[in-house]
Amino acid sequence: SPAIVEQRLAGLRRQLAMTAALMGLLLAIILFRLRDGVLTPAQGLLHGIRAMEEKRLDHRIPLQTGDEWDTLATAFNHALDGMKEMELASAVQAALLPLRPIETPLMRFSGYSVMSSQVGGDYFDCLPLPDGRVIFGIGDVTGHGVSAALVTAMARTAFRHLVEAGVTDPGALLSRLNRFILAHL
């Protein structure tokens with residue numbers, strides 16, 4: 001009978017509507033999880049990569065997911081910290097080297113340092129003495145980064161202080177410089 005068919009069709013429509021609503025809810029949950037669990041963290045990492053490329057070293061990738069994405073974000077944040085440290089060390093090292101040629105009545109000295117990596121402990125200096133002689137200092141602190149740059153800065157300061165104090169004999173200068181560095185490191 002048509003009434004029974006209509007009744008069964010109405011029941012089938014309700015079941016289809018309920019199934020469609022459940023499928024829509026399931027799809028919404030999947031899309032929400034996909035956005036929060038994959039798309040948003042991936043965008044955060046892309047922003048981190050752009051920050052590295054643009055040397056925006058204060059940028060941090062937020063930790064949000066509590067899974068492997070956070071591990072990757074932590075690694076990127078540490079890499080940005082390392083890049084920031086290398087920028088600082090590079091600036092310190094550049095400030096230690098003579099900025100312009102050193103001139104005396106008899107000579108002109110200028111130097112240039114080419115690093116094998118972004119920053120190291122390389123150092124050179126030339127100091128004119130009051131009697132017309134010059135004294136050269138050349139050094140290489142083992143290591144890279146801020147620690148090597150700071151040791152180089154300490155050695156440069158000690159070298160210049162000793163020369164200004166009148167210690168110009170190479171043996172005496174190196175001996176006192178060595179004692180100073182050993183006492184302070």
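Leaving aside neighbours within four places in sequence, L129 is in contact with V134, I135, V163 and T168. Contact here means heavy atoms within 4.5 Å.

The model is predicted: local features need pLDDT of at least 70, side-chain atom pairs count only at pLDDT 80 or more, and totals for chains, interfaces and linings use all residues. Residues are numbered from 1 along each chain as its sequence is written, and side-chain values use heavy atoms, with hydrogens and water left out.

## The cores

L129 belongs to the largest nonpolar core. That core has eleven residues in all: Y123, L127, L129, I135, A158, F159, L162, V163, V167, L173 and L177. The largest share, four residues, comes from α3. A second, separate core has five residues, among them L97, I102, F109 and C126.

A nonpolar core is a set of buried Ala, Val, Leu, Ile, Met, Phe, Trp, Tyr and Cys residues joined through side-chain atoms within 4.5 Å. Buried means under 20% relative accessible area, exposed over 50%, and partly exposed in between (1.4 Å probe, protein chains only). In soluble globular proteins, nonpolar side chains tend to be buried together.

## Two helices

Helices (H or I, at least four residues) and strands (E, at least two) are DSSP runs, numbered from the N terminus. The expected span of a helix is 1.5 Å times one less than its number of residues.

| Helix | Residues | Number of residues | Span, first to last C-alpha | Expected span |
|---|---|---|---|---|
| α1 | 2-53 | 52 residues | 72 Å | 76 Å |
| α3 | 146-164 | 19 residues | 27 Å | 27 Å |

Helix α1 has a kink of about 35 degrees, centred on R35. The bend at a residue is the angle between axes fitted to the seven residues ending there and the seven starting there. In α1, G37, P41, G44, L45, G48 and A51 are buried. The buried residues of α1 pack against α2 (68-96).

Two residues of α1 deserve a separate note. G37 lies in this helix. G37 counts as buried because its relative accessible area is 7%. Its C-alpha atom is separated by 29 Å from that of A17, 20 residues apart along the chain. D36 also lies in helix α1. D36 has 27% relative accessibility, so it counts as partly exposed. D36 is in contact with P41 and T65, leaving aside neighbours within four places in sequence. From D36 to M18 the C-alpha distance is 27 Å, across 18 residues in sequence.

Helix α3 has its own buried set: V146, A148, A149, T152, A153, M154, A155, A158, F159, L162 and V163. After α3 comes G166, whose phi is positive, near 100 degrees.

What is the volume of the largest pocket? It is about 420 Å³. The lining has 22 residues, and the closest to the pocket centre are I138, G139, A155, L174 and L177. β3, β4 (134-141), α3 and α4 each supply at least two lining residues. The largest share, seven residues, comes from β4.

The method uses a 1 Å grid over the protein atoms alone: a pocket is an open set of points with protein on both sides within 12 Å along at least five of seven lines, and lining residues have an atom within 4 Å of a point. A volume is the space filled by probe spheres set on the points.

## Loop residues

T104 is found in the loop between β1 (102-103) and β2 (108-109). Is T104 buried or exposed? T104 is buried, because its relative accessible area is 13%. T104 touches P128 and V134, not counting residues up to four places away in sequence.

L106 also has its place in the loop between β1 and β2. L106 has a relative accessible area of 79%, so it is exposed. The C-alpha atoms of L106 and R133 are separated by 9.1 Å, and these residues are 27 apart along the chain.

K55 is found in the loop between α1 and α2. Its relative accessibility is 52%, so K55 counts as exposed. Phi of K55 is near 55 degrees, a positive value in a residue other than glycine. Most residues other than glycine have a negative phi.

Definitions and conventions
On a 1 Å grid over the protein atoms alone, a cavity is a set of points where a 1.4 Å probe fits but cannot get out, and a pocket is an open set with protein on both sides within 12 Å along at least five of seven lines; lining residues have an atom within 4 Å of a point.
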